[in-house]
Amino acid sequence: MQARKQMVRYKNLGGTSGIVAYETGETFIRIQFFDESVYNYTYASAGFYNIEYMKQLAYQGRGLNSFINKVVRKLYCRKEQ
């Protein structure tokens with residue numbers, strides 16, 4: 001069984017994001033919000049282009065929360081809490 005990588009702190013350059021941290025993998029992104037919930041988005045649930053764009057936004061530290069709210073809000077495959 002492969003161990004999970006540690007989540008990376010989200011830079012939140014805009015200063016208003018509800019996102020705390022994220023983890024990326026080849027076909028997914030996991031996102032942790034301030035309420036400690038973690039949402040898993042995958043190629044299968046949200047689509048290849050959306051996941052790859054979310055990864056870019058996560059690395060840049062800006063725009064990820066807005067993109068989630070506007071485009072992929074309910075397209076997660078699993079919510080952890």
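Lys55 touches Thr24, Gly25, Glu26, Thr27, Phe28, Ile29 and Tyr43, leaving aside residues up to four places away in sequence. This lysine lies in helix H2 of a predicted model, and at 7% relative accessibility Lys55 counts as buried. The model contains an open sheet of five strands in the order S1-S2-S3-S4-S5, with antiparallel pairing. Both H2 and H3 pack on this sheet.

- The side chain of Lys55 reaches the backbone oxygen of Gly25 at 2.7 Å.
- Between Lys55 and Glu23 there are 32 residues of sequence separation and a C-alpha to C-alpha distance of 8.9 Å.
- Glu23 belongs to strand S2 and, at 4% relative accessibility, counts as buried.
- A polar contact of 2.6 Å links the side chain of Glu23 to the side chain of Arg30.

- S1 pairs with S2 in the antiparallel sense over two bridges, and Val8 stands opposite Tyr22 in S2.
- The antiparallel pairing of S2 with S3 runs over six bridges, with Ile19 opposite Phe33 in S3.
- Strand S3 (residues 28-33) pairs with strand S4 (residues 38-42) over five bridges, again in the antiparallel sense; Gln32 has Val38 in S4 as its bridge partner.
- Strands of a sheet pair through backbone hydrogen bonds, in either a parallel or an antiparallel arrangement.
- Seven of the seven residues of S2 are buried, so this strand is largely enclosed by the rest of the structure.

**Helices on the sheet**

- Strand S3 pairs with S4 over five bridges, and H2 packs on the sheet by touching strand S2 (19-25), S3 and S4, with its direction at about 50° to that of S3.
- H3 also touches S2, S3 and S4 as it packs on the sheet, and the direction of H3 makes about 110° with that of S3.

**Packing of H2 against H3**

- Two packed helices are described by the angle between their axes and the distance between the axes.
- The axes of helix H2 (residues 48-60) and helix H3 (residues 64-72) come within 9 Å and cross at roughly 160°.
- This crossing angle makes H2 roughly antiparallel to H3, because angles over 145 degrees count as roughly antiparallel.
- On the H2 side the contact involves Asn50, Tyr53, Met54, Leu57 and Ala58, which meet Leu64, Phe67, Ile68, Val71 and Val72 in H3.
- The residues of this contact of H2 with H3 comprise nine nonpolar, one polar and no charged.

- Tyr76 is placed in the loop between H3 and S5.
- Its relative accessibility is 32%, and Tyr76 therefore counts as partly exposed.
- Apart from residues up to four places away in sequence, Tyr76 touches Tyr39, Asn40, Tyr41 and Ser45.
- The C-alpha atoms of Tyr76 and Arg9 are separated by 20 Å, and the two residues are 67 residues apart along the chain.

How values were computed:
Residues numbered from 1 in each chain as written. Predicted model: local features only at pLDDT ≥ 70, side-chain atom pairs only at ≥ 80, totals over all residues. Heavy atoms only, no water. Axes fitted to C-alpha atoms, helices over the stretch in contact; angles between N-to-C directions. Helix = DSSP H or I, 4+ residues; strand = E, 2+ residues; numbered from the N terminus. Parallel < 35°, antiparallel > 145°, perpendicular 65-115°, else oblique. Contact = heavy atoms within 4.5 Å. Nonpolar A, V, L, I, M, F, W, Y, C, P; charged D, E, K, R; others polar. Pairing = 2+ DSSP bridges. Buried < 20%, exposed > 50% of the residue type's maximum accessible area, 1.4 Å probe, protein only. Polar contact = N/O pair within 3.5 Å; in protein donor to acceptor, adjacent residues only side chain to side chain.
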